[in-house]
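Look over the sequence and the model before reading on.

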Amino acid sequence: MKKRYLFPADYMADPSVHVFNGRVYIYPSHDWECENVENDTGDQYVMKDYHVLSTDDVMNGEVKDHGKVLGLEDIAWAGRQLWDCDVAEKDGKYYMYFPMKDKNDVFRQGIAIADNPAGPFIPEPEPIHGSYSIDMAVLKDEDGSYYMYFGGLWGGQLQCYRDNIGIEDPAINNTPDSKNLPHGNQPALPSRVVRLSGDMLQYAEEPKPVLVVDAQGKPLSADDPHRFFEASWVHKYNGKYYFSYSTGDTHMLCYAIGDNPYGPFTYQGVILTPVVGWTTHHSIVEYKGKWYLFHHDSVPSGGKSWLRSLKVCELEYDAEGHIKTIEGMDK
Ligand code: FUB
């Protein structure tokens with residue numbers, strides 16, 4: 001299978017990809033070299049800005065770098081770490097949703113707005129009220145509603161919240177030893193989904209858990225290697241909702257299918273087996289009649305997990321709508 005490194009000139013990761021005005025826009029994290037020791041809190045992911053990339057030929061065409069579109073220094077409430085963002089279009093405006101630690105080292109969700117998919121993006125003065133954790137992905141549904149999926153374990157701080165209320169200090173409780181992480185056959189911690197307000201700037205409701213269940217309707221357990229960890233993405237195929245995600249410490253991309261944006265989603269299988277590097281993160285997009293998996297790995301940096309490179313390959317479905325598994329490491 002043909003795979004392509006999309007942007008060899010720089011280290012970028014976590015590609016959120018959308019087609020706007022007939023062109024493919026890629027919204028990645030921008031990895032930086034760092035002095036920090038690699039740890040389970042993710043201190044090695046020291047990203048300070050975002051670039052936008054675009055192309056009109058995914059596998060072969062030029063990938064244009066539109067330059068820096070937002071930086072930490074532009075954001076009033078900035079602490080550190082601009083992690084995975086996503087962008088949604090409504091009425092000709094482009095809304096970037098980004099997670100960043102505030103001055104107390106707690107992840108919140110910020111918004112920045114542009115008149116053009118290539119930015120620049122102007123940040124709102126405050127994060128979304130009541131927001132927490134990381135890895136936002138926005139689905140524009142066919143009825144005009146926008147749903148945001150989010151959440152990540154360990155350094156992503158999701159385990160510090162239950163029913164959207166903080167239960168422990170996220171700046172401290174963010175390793176695999178967190179006492180609020182479920183274990184064994186307890187239900188895994190779910191991602192969250194929330195409908196966005198009409199002006200795109202707030203939650204329209206309380207975020208809800210995104211349940212991934214087995215064929216019997218039982219939520220996947222905490223010790224299931226296929227359970228949710230981070231990197232939510234949702235796309236639609238043949239009228240069904242495909243919720244895909246990273247399994248984090250078991251290093252796969254998996255997916256589940258549901259009938260509506262809230263789920264539950266029934267577990268289906270593995271999209272991508274482990275890549276070189278600790279993290280795996282992706283988006284799935286249709287362009288000019290073909291489906292693509294955008295993701296990253298750490299091959300070009302020689303395996304440094306905090307210096308990742310954007311990658312893409314075609315994604316295929318079988319006749320029943322199941323995604324064919326892709327090997328993450330080339331043989
Ligand atoms: O890039 C920083 C974090 O690493 C992302 O938010 C996670 O999904 C993982 O890729």
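## Lining of the largest pocket

In this predicted model, the lining of the largest pocket is made up of twelve nonpolar, two polar and six charged residues. The lining counts 20 residues. Nearest the centre of this pocket lie H18, V19, L139, K140 and V234. The space inside comes to about 510 Å³.

Several strands contribute. At least two lining residues come from each of β2 (12-20), β6 (86-90), β10 (137-140), β17 (230-237) and β21 (282-287).

## The second largest pocket

The second largest pocket has about 320 Å³ of volume. Its lining holds 26 residues, and Y45, W83, E230, W278 and T279 are the closest to the centre. By class, eight of the lining residues are nonpolar, eleven polar and seven charged.

## Where the ligand sits

Which pocket holds the ligand? The ligand sits in the second largest pocket. Around the ligand are D14, M47, W83, D84, I134, D135, E230, T279, H281, H296 and R308. This shell has five charged, three polar and three nonpolar residues. W83, E230 and T279 belong to the shell, and these residues are also among the closest to the centre of the second largest pocket.

## Polar contacts and burial

For D14 the distance is 2.5 Å. For H281 the distance is 2.7 Å. For R308 the distance is 2.8 Å.

How much of the ligand does the protein bury? Alone, the ligand would expose 270 Å², and the protein buries 98% of that area.

Notes: Residues are numbered from 1 along each chain as its sequence is written. This is a predicted model: local features need pLDDT of at least 70, side-chain atom pairs count only at pLDDT 80 or more; totals for chains, interfaces and linings use all residues. Side-chain values use heavy atoms; hydrogens and water are left out. On a 1 Å grid over the protein atoms alone, a cavity is a set of points where a 1.4 Å probe fits but cannot get out, and a pocket is an open set with protein on both sides within 12 Å along at least five of seven lines; lining residues have an atom within 4 Å of a point. Grid points are joined across faces, edges and corners, and a volume is the space filled by probe spheres set on the points. Helices (H or I, at least four residues) and strands (E, at least two) are DSSP runs, numbered from the N terminus. Ala, Val, Leu, Ile, Met, Phe, Trp, Tyr, Cys and Pro count as nonpolar, Asp, Glu, Lys and Arg as charged, and the others, Gly among them, as polar. A residue is near a molecule or strand if one of its heavy atoms lies within 4 Å of it. A polar contact is a pair of N or O atoms within 3.5 Å; within protein, one must be able to donate a hydrogen and the other to accept it, and residues adjacent in sequence count only if both atoms are side-chain atoms. Accessible areas come from the Shrake-Rupley method with a 1.4 Å probe; for residues, only the protein chains shown count as cover. A molecule sits in a cavity or pocket if more than half of its atoms lie within 2 Å of its grid points.
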